[in-house]
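Please read the numbered points alongside the structure.

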Amino acid sequence: MIKKISIDELEPGMEVVKLSSEMWEHLPHLYAEPGIIESGEQVARLKAEGYRQVFVQMKDENRGLTDEQRLDQLISNREAAPAHKERAPFPQAMKATRVTYESAMSCAMRIVNDAKLGRKMDYQAAVDTASAIVDCAIRNPDTLVCLSKLSEFDDYTYTHSINVAAIAVVFGEYIGMTREELVDLGMAGMMHDLGKTSVDQNIVNKPAKLTPEEFAEMRKHPAYGFVLLKSNPDIPSKVLEAVRLHHEKYNGSGYPSGLTRREIPAFARIICLADIYDALTSNRCYRDAILPNKALGIMYGMREQEFDPLEIQLFIKCLGIFPSGSLVQLNTGDYAVVRESNPGKPLSPKIRVILNKTMHPIRARDVNLADGVKSGDTELEIIECADPGVYKKSLINYMTAN
Ligand SMILES: [Fe+2]
């Protein structure tokens, strides 16, 4: 990164750069001879000559770090200082995310169909889709968390790939990844199960326990995905590695290589978190969806087996104890949908109360539980997550209405 600094901040070892833009040439007393500052005497001489400012190439903190060291650094920084970020208002952001989700779903369908037909993937369309998902996460990440649970697309294959991209990007944004990293992470999410197109679809969609032979075939899908994608020189190696290694586990019991802990690439670890969260909270042909807070509890129980303990803790903090899109029951008996999490107060999100205790619709009202809102003498609290059942389809409308 290039930064303009005062000559008083200039130190030996810094690299002075000359910008190609001429707009700075009028700047008074700008020292612009490119090169490394060699000594304190040189700095003193420049000051004496009347120079006041200089453009320098700042040392890139990320340079020289492996992806795994970078992830560790982001995670420990996030633990130390949770950043508060300004977000776009939920209803407006939700409308934009809904549009993105719909086009992302079409893109996912095209990617899968192209793979099945042996056609070359439209790489730029995939990058544009990942980039649009990143925009949504920056605008308001809760909208993606919400839509990943409430979107109305039924086909698990496409929905899952977009949900994993969305959840992974939300987590990456939470820990402070750069935009470029987030787009690659989104790509990895979209592509992670592409290899399932090379597995017999009777095995992929079998609504019963797989035989050992079928299971062995199913376990080849990361390698199949890697083979499908590696011929495309545009796809970054970290995306390919995430596809190939997203079923590795922290304790070494995963596949295909039985890698452990830091041996597993950073992107693969994040995709694994998003993949398992979405799989647990989705309806599958062999079982019903698990409620989001229960799924996070199950995942927490898998720490040190499937996941790095610190990473799963941070993942839960990122999504909140009651993730956006959850139906919850209050201590009054009424039901509400969770709209936005309150950073730092995971038990007290912003909610919209929509159903009475007999689950009949009531006039919607917004409550920020962090404000300590009372009903009579009792402060409102969430008691538990509830199964939205027949209301699932209509919850989305409560989320987009102002
Ligand atoms: Fe997979």
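What volume does the largest cavity have?

1. The largest cavity has a volume of about 90 Å³. A cavity is a set of points, on a 1 Å grid over the protein atoms alone, where a 1.4 Å probe fits but cannot get out; its volume is the space filled by probe spheres set on the points, which are joined across faces, edges and corners.

2. The model is predicted: local features need pLDDT of at least 70, side-chain atom pairs count only at pLDDT 80 or more, and totals for chains, interfaces and linings use all residues. Residues are numbered from 1 along each chain as its sequence is written, and side-chain values use heavy atoms, with hydrogens and water left out.

3. Thirteen residues line the largest cavity, and Arg269, Glu306, Phe307, Asp308 and Glu311 are the closest to its centre; lining residues have an atom within 4 Å of a point. Helix α12 (residues 266–280) gives the largest share, 4 residues. The lining comprises 7 charged, 6 nonpolar and no polar residues.

4. The second largest cavity holds about 40 Å³ of space. Its lining includes Asp67, Arg70, Leu71 and Leu74, as well as Ala266 and Phe267. The largest share, 4 residues, comes from α2, and α2 (67–80) and α12 each supply at least two.

5. Helix α5 (residues 141–150) is mostly covered, with 10 of its 10 residues buried, that is, under 20% relative accessible area (1.4 Å probe, protein chains only). Among them are Asp142 and Lys149. Helices are DSSP runs (H or I, at least four residues), numbered from the N terminus.

Note on methods:
Buried < 20%, exposed > 50% of the residue type's maximum accessible area, 1.4 Å probe, protein only. 1 Å grid on protein atoms, 1.4 Å probe; cavity = no way out; pocket = protein on both sides within 12 Å on 5 of 7 lines; lining within 4 Å. Nonpolar A, V, L, I, M, F, W, Y, C, P; charged D, E, K, R; others polar.
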